[in-house]
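Hi everyone, thanks for making time today.

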Amino acid sequence: MLLAVDIGNTHIVIAAMRGSAVHYKARLATDKLKTEYEYAVSIKALLGLGGIEPEDFEGCCLSSVSPVMTEKITGAVRLLTGKVPMTVGAGLKTGLNIRIDNPAECGADLVTAAVGALKCFKPPMIIIDLGTATTLSAIDKNGAFVGGAIAPGVITSVDALSEKTALLPSVGLGVPASAIGKNTADCMRSGSVLGAAGMIDGLVDRMCAELEGSVTLVATGGLSHVVIPNCTHKITICDDLIFEGLAAIYEKNLRK
């Protein structure tokens, strides 16, 4: 099995992969104060819940948006398995043609999700990732990453409202009964959830106009099941794009 790790700003998701399929998946909070030893304990416990032992893994591949957390999780994986993870970034073959002004600026999470999407869908496509940030990645008809858009994530936006305004409370996410809210909480949910859906629809329209061919729309990320059903476009939700991408990148570099 392969240990695949997606390190985000809010959560770290670990997956045990059999080939390109997710056998087991678990999530833990991203906490920069924890040590690699504490993460090793947490990851071992989560794997144990799935009946998986550290020695079951032949290797590890990880994607990260946080250099600090990359170091901690790399250390934790070495403590658990004795193996050094492959980390998506400079020096690792991905097979993805990145055609932006500075390819080094393209986040490992965007690269990995694109690799996973290209294994499952035919380009051109737009990949929507709803997490701490909401990102849209454009893949042209030749399978090249040609750019995208970055916006605040839904929870990020809601938290900013409650923190920066005196009278707006902290609210849980959910879909309001109607776009016209009848109370403060529902007004905030309308603006955040339905507003995010409207923003995605609008950006998709603009990006599709710039891409040639019939564009496939794919979504992933923790909030995709909340937001995407409220979009007017037909968008396929794929929870495991990043893990499929990590498995593909691992195999490509293992053969190397």
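**A strand and its neighbours**

Let's begin with a helix: α3, residues 108-120, lies across β6, β7, β8 and β9 (144-152), and runs at about 130° to β7. Please keep in mind that this is a predicted model.

Now to the sheet itself. It is an open sheet of six strands with mixed pairing, in the order β6-β9-β8-β7-β10-β11. At the edges sit β6 (97-98) and β11 (236-237), each pairing on one side only.

Which way do they point? In general, side chains of a regular strand alternate between the two faces of the sheet. In β7, M125, I127 and D129 point one way, while I126, I128 and L130 point the other way.

On to the partners of β7. On one hand there is β8, residues 133-139, which pairs with β7 in the antiparallel sense over six bridges. Two residues lie between these strands, and together they form a hairpin. If you want a landmark, M125 has I139 as its bridge partner in β8.

On the other hand there is β10, residues 216-220, which runs parallel to β7 and is joined to it by five bridges. Here M125 stands opposite T216, and the bridge partner of I126 is L217.

That's my tour, and I'm happy to take questions!

Conventions
Residues are numbered from 1 along each chain as its sequence is written. This is a predicted model: local features need pLDDT of at least 70, side-chain atom pairs count only at pLDDT 80 or more; totals for chains, interfaces and linings use all residues. Side-chain values use heavy atoms; hydrogens and water are left out. Buried means under 20% relative accessible area, exposed over 50%, partly exposed in between (1.4 Å probe, protein chains only). Helices (H or I, at least four residues) and strands (E, at least two) are DSSP runs, numbered from the N terminus. Two strands pair if DSSP finds at least two bridges between them. Contact means heavy atoms within 4.5 Å. Axes are lines fitted to C-alpha atoms, for helices over the stretch in contact, and angles run from 0 to 180 degrees between N-to-C directions.
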